[in-house]
Amino acid sequence: MHKRDTTLSTDQKALAINLDKYKYGSIVEIGAGQEVARRFFSVGAAAGTIAKTMSAYDMAVSDDIYGHADRYVSRSRLLQMLDKEFSLVVQRLAHVRPKNTTFFAYAATVTARSFKQKNECHGWVGIRLQLHPGAEPSDVILHVRMLDNDNAQQSEALGILGVNLIHGAFHHFHHPAWVVEGLADGLGSERIEVDLIHFSGPYFEEVENRLMNLHLIRSWLTRAVVFAPTGDVVVPGELFYRKPVMVMRGSFKPVTLVNEDMMCAGLKQFSQLAAVDEGEILSLAEITMNSLISGDNVDGADFLARIDLLASLGYTVMISDYVRYFRLRAYLRRYTQKPIGIVLSVRDFNYLFDEKYYEGLEGGILEAFGKLFPDNTHVYVYPTRMQRGGETTLVTLDNVEVPANLRHLLTFLKENQKLLAVEPHDDSHLHIDVAEVLTGLRRGRGAWMDDVPPGVAERIVSNRLLGFDTE
């Protein structure tokens with residue numbers, strides 16, 4: 001299979017579009033200058049590509065052109081811009097341009113680094129384009145965070161990103177994953193973060209947007225993507241903003257009754273914190289990328305099955321490549337100063353208190369725990385039943401065994417209420433081992449069905465998910 005050409009510079013991409021006399025459209029940008037349009041003008045031959053460029057910075061002017069918007073840097077405003085500009089370019093030029101012209105409209109609404117304050121620097125960017133002459137248009141839209149420290153650099157990064165999107169949408173629409181991968185060309189992950197992408201329209205009807213968003217992580221464009229219970233991808237900054245967050249990490253292959261009880265029990269204690277309003281808590285099931293990768297590839301069907309099963313129970317799901325807990329906490333802390341709770345099984349202590357797990361950190365395990373608990377963060381430890389010496393033993397935060405040289409560290413974390421024991425609501429599930437459940441379901445119907453929520457068992461059987469009945 002041929003590979004995407006990664007050698008083209010930003011200017012070469014812009015010139016390739018300019019020299020194609022059958023690609024023609026408008027570029028409208030609100031916020032952070034006119035950097036995308038400038039790129040096309042500066043390489044020459046832009047008259048062959050650009051029908052119009054525009055920037056409506058004044059809110060009254062913007063509203064007069066596109067209609068009212070509650071928020072100017074939003075998905076809804078971006079779609080208003082694409083609707084208006086694409087309709088205009090087709091209406092004005094379809095009868096005078098060559099019949100094999102494919103029209104497009106590129107739009108961006110962003111807030112870059114302010115002259116007066118260090119605000120959240122982000123934006124919505126998109127293209128609406130015909131992929132064949134006269135065809136109904138298709139869209140690619142994305143949410144971007146700009147990571148440079150000054151306005152000029154952020155504007156430059158947006159210009160490069162815009163050229164990458166326009167070029168990728170026209171040249172790689174038959175490989176949507178290539179469109180994703182090309183977004184960071186000439187930029188790298190240190191300048192931009194793309195935490196949402198959405199393909200729509202007649203040409204992209206077969207695209208599975210959840211897999212494309214997972215590919216954002218694989219392409220180093222973001223460290224995490226978030227899915228609402230509806231299955232839709234959501235912008236983390238909007239979802240987590242000023243909310244207390246309760247996270248349960250797991251493989252969820254499949255989600256079990258013990259997972260449900262862990263979250264329920266953790267939420268009960270978390271909601272008793274003075275700074276937590278129970279009605280505002282966001283409950284999050286988090287899966288790390290390394291639990292999705294088999295060999296060097298992501299099993300798409302396996303990933304979608306886990307997302308669907310968690311969504312059927314009403315969970316918001318986050319996929320991240322944050323292997324260590326303190327990095328997960330730091331990510332959430334970008335968006336909220338409210339308390340963060342993490343509920344985990346005492347079974348997880350096997351690696352939580354394994355010093356090899358922290359190799360590469362200058363301060364080792366002490367640095368990791370220091371970064372996990374600098375502020376309003378609490379870890380709730382859920383008990384389990386395990387076989388020890390032929391007997392079933394209840395293992396809790398109070399009697400869990402850790403390496404001898406770390407016992408004082410465990411005592412310190414307990415006495416300072418960094419690690420808190422959580423009481424199960426239903427202790428009849430404490431024996432459940434997700435690996436045993438997975439082994440059982442791959443043999444077909446059986447006792448494993450009693451260890452998962454009833455609706456989950458039905459979905460696994462009826463849709464033959466997660467390798468059901470393959471052994």
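Me: Why does V140 count as buried?
Reply: Its relative accessibility is 0%. Buried means under 20% relative accessible area, exposed means over 50%, and partly exposed lies in between (1.4 Å probe, protein chains only). At 0%, V140 therefore falls in the buried class.

Me: What kind of model is this, and how are residues numbered?
Reply: It is a predicted model, in which local features need pLDDT of at least 70, side-chain atom pairs count only at pLDDT 80 or more, and totals for chains, interfaces and linings use all residues. Residues are numbered from 1 along each chain as its sequence is written, and side-chain values use heavy atoms, with hydrogens and water left out.

Me: Which strand holds V140, and what is it in contact with?
Reply: V140 is in strand β5. Strands are DSSP runs of E with at least two residues, helices are runs of H or I with at least four, and both are numbered from the N terminus. Contact means heavy atoms within 4.5 Å. Neighbours within four places in sequence aside, V140 is in contact with V125, G126, I127, L165, I197, H198, F199 and F204.

Me: How far is V140 from I17, in sequence and in space?
Reply: They are 123 residues apart in sequence. The C-alpha to C-alpha distance is 17 Å.

Me: What makes α2 and α5 roughly perpendicular?
Reply: The axes of α2 (residues 35–42) and α5 (residues 151–171) cross at roughly 70 degrees and come within 7 Å. Axes are lines fitted to C-alpha atoms, for helices over the stretch in contact, and angles run from 0 to 180 degrees between N-to-C directions. Under 35 degrees is roughly parallel, over 145 roughly antiparallel, 65 to 115 roughly perpendicular, and the rest oblique. The pair therefore counts as roughly perpendicular.

Me: Which hand does the crossing of α2 and α5 have?
Reply: Right-handed. A crossing is right-handed if the near helix is turned clockwise from the far one by less than a right angle, and left-handed if anticlockwise.

Me: Which residues meet where α2 passes α5, and how many are nonpolar, polar and charged?
Reply: E35, V36, R39 and F40 in α2 meet S155, E156, L158, G159, I160, G162, V163 and I166 in α5. By class, six are nonpolar, three polar and three charged. Ala, Val, Leu, Ile, Met, Phe, Trp, Tyr, Cys and Pro count as nonpolar; Asp, Glu, Lys and Arg as charged; the others, Gly among them, as polar.

Me: Why are β2 and β6 said to stand at the edges?
Reply: Six strands form an open sheet in the order β2-β1-β3-β4-β5-β6, with mixed pairing. β2 (50–54) and β6 (192–200) each have a single partner strand, so one side of each lacks a neighbour in the sheet. The twist averages 10 degrees from one strand to the next.

Me: How do you know that β3 and β4 pair?
Reply: Two strands pair if DSSP finds at least two bridges between them. β3 (residues 102–111) and β4 (residues 122–129) are joined by eight, and run antiparallel. F104 stands opposite L129 in β4. Helix α5 lies across β1, β3, β4, β5 and β6, at about 25 degrees to β4.

Me: What is the strand order in the sheet of eight strands?
Reply: The order is β8-β7-β13-β10-β9-β14-β15-β18, again an open sheet with mixed pairing.

Me: How many bridges tie β7 to β13 and to β8?
Reply: Four bridges join β7 (residues 224–227) to β13 (residues 316–320), antiparallel. Two join β7 to β8, also antiparallel. V226 stands opposite M318 in β13 and opposite V234 in β8. β7 and β8 form a hairpin with five residues between them, and G231 in the turn has a positive phi of about 95 degrees.

Me: What makes β15 mostly covered?
Reply: Six of its six residues (377–382) are buried. T377, V379 and V381 lie on one side, H378, Y380 and Y382 on the other. In a regular strand the side chains alternate between the two faces of the sheet.
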